[in-house]
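Have a go at each one before you read its solution.

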Amino acid sequence: MDRRRMLQQLNDVPRWDIIIIGGGATGLGAAVDAASRGYKTLLVEQSDFSKGTSSRSTKLVHGGVRYLAQGNIKMVTEALKERGLLLKNAPHVCHKVSFIIPSFHWWQKWYYGIGLILYETLSGKLSLGKTRILSKKATQQLLPAISSKNLGGGVLYQDGQFDDSRLAINLAQTAVEQGATLINYCKLVAFNKTAEHITGVIVEDVLSGKPYFVHGKSVINATGVFTDKIMQMDNAAHQSMVSPSQGVHIVIDAKHFPGRQAMMIPVTDDGRVLFAVPWHGKIVLGTTDTPVDKVVLEPKPLKEEIDFILHHINRYLNAEVRHEDVRSMFAGLRPLIKVRGKKMTAILPRDHTTLVSDSGLVTITGGKWTTYRTMGKHAVDNAAFSAKLKMRPCITESLLIHGYTAGDDNMDPLFSYGSDAAEIYRLIKEQPAMAEKIHEDLPYTKALVVWAVQHEMAMTVEDVLARRTRALFLDAAAAIAAAPLVASLMAKTMNRNEDWITQQVKEFGEIARHYLIQ
Ligand SMILES: Cc1cc2nc3c(=O)[nH]c(=O)nc-3n(C[C@H](O)[C@H](O)[C@H](O)COP(=O)(O)OP(=O)(O)OC[C@H]3O[C@@H](n4cnc5c(N)ncnc54)[C@H](O)[C@@H]3O)c2cc1C
């Protein structure tokens, strides 16, 4: 993926079939869908791909056990199908994990057991394996950190897990391979209209400040929690439709929660669920649900959200996890669809909504990462219909995602790079110094920094440390310590000077300090 070549396309292509605003899960899904149908497709992202909510999920590819309890069978069935497709089409970034719900009352394991058998049944042919009722002893063996006080056993079920930003970059690569043009750090600043109908957009290259006037037959608004801002840009009288809700995660060392299984706490004090999930050698704990008024790209965890997570997890563990054990913390904003009369975001539906405005703008929002493919399909169906494009069938159900590899050697440290791993190993063979780690506490080598710049459109130190690798999310202090080395490696590859290095390290430090617990 070559950003300069992509920018050139903005001048060269006279008129796009579909222009997509937003490079999160939804926009990237739409770009893969549109390009693979043969539509001339452009996607612009104001920051980096998945910089918004799509890098800050719980990392689950799931139907949503909680939504089953709410009776939303249709949504759960659809998401379970998508879970199965993702594990088939992108096995290098999405895999199966066993989850255990511990039970502390005799009825719980039967209650949850029956629900989870239904959950598994709904996944049909794409089932990931059987649900099992566990004895107390088996639960303790599989969850060595669990408190034995009043423990009666548990229920084991299968679900999916992924690396959200790695999947995002792989989707961007897939879209480009299908013929799309994708540009990060490129912001929609205005719509062009003829007779009240959108005929194009004005976008700005954020890195150079240069504006581009781009013509298009249809525009998709896939901007997550920024949906209303874009709709107001189209129509100043637009009434907001998104209720943003913040969710926070903390990351701790695996020694606090050893074993390969994940745990789900089925009811928190605010009636939600809480997960403890092994991820890249650490444990991700979360999440929360806090309604917010202000929409920002870099939301900050609140002290009470961190306390909430620690308080709940400590009820279940035999040794306390303390504030100082937190390696990183991160917050994301859910783009939930407003429902009149309901203020609590925890009870708002997680389905997605598609809207076509009088101007022709197609807006898609809500939903989840797991259902990004169907969201992309619905957005493109609507865009093609409203712009009277020649109807072409969607082919993404069986489209393999960039990096696809049939094997499952997840002991390989480059496993999540899939088919690209061979090229990265070649780079290391040619330059053995590339095998050196960027920091002793991080699992990433210098080769991955160079790879991210050369092949994954990483433009900043933050792109590399937060989303091409997941250093910032795994260990914020180590990521901050690695930043000068990463900046100088990038500068060498991108032909940048000392000032660029200094500026990048400073900018990264300003963002990264909010991932450190105070
Ligand atoms: C705490 C939390 C946990 C979650 N966990 C899970 C989970 O485990 N599994 C799951 O399936 N789902 C999960 N979700 C839901 C999922 O993460 C989101 O539904 C999904 O990421 C939303 O993607 P999106 O593309 O709609 O929005 P975003 O990822 O926010 O993307 C929108 C993009 O639009 C860009 N943009 C905005 N304005 C402009 C402009 N003017 N020009 C250009 N670009 C612009 C933004 O920069 C942003 O990158 C979770 C959500 C949260 C908050």
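Before you start, a quick definition: a helix axis here is a line fitted to C-alpha atoms over the stretch in contact, and the angle between two axes runs from 0 to 180 degrees between N-to-C directions. Keep in mind that this is a predicted model.

**Exercise 1.** Work out how helix α15 and helix α16 pack, and which residues make the contact.

*Solution.* 
1. Start with the geometry: α15 covers residues 476-494, α16 covers residues 498-512, and they pack at an angle of about 155° with their axes 9 Å apart.
2. Angles over 145 degrees count as roughly antiparallel, so α15 is roughly antiparallel to α16.
3. As for handedness, the crossing of α15 and α16 is right-handed.
4. Now the residues. α15 brings Ala476, Ala479, Ile480, Ala483, Pro484, Ala487, Ser488 and Ala491, while α16 brings Trp500, Ile501, Gln504, Val505, Phe508, Gly509 and Ala512.

**Exercise 2.** Decide whether helix α10 is mostly covered or mostly open, and find what its buried residues pack against.

*Solution.* 
1. Check the length: α10 (residues 372-386) has 15 residues and spans 21 Å from first C-alpha to last, close to the 21 Å expected at 1.5 Å a residue.
2. Eleven of those 15 residues are buried, so α10 is mostly covered.
3. Among the buried ones are Tyr372, Arg373, Lys377 and His378.
4. The buried residues of α10 pack against β1, α2, α4, β10, β17 and β18.

Note on methods: Residues numbered from 1 in each chain as written. Predicted model: local features only at pLDDT ≥ 70, side-chain atom pairs only at ≥ 80, totals over all residues. Helix = DSSP H or I, 4+ residues; strand = E, 2+ residues; numbered from the N terminus. Parallel < 35°, antiparallel > 145°, perpendicular 65-115°, else oblique. Left-handed = near helix turned anticlockwise from the far one by under 90°. Contact = placed C-beta atoms within 7 Å. Expected span 1.5 Å × (residues − 1). Buried ≥ 20, exposed ≤ 12 C-beta atoms within 10 Å, placed from the backbone.
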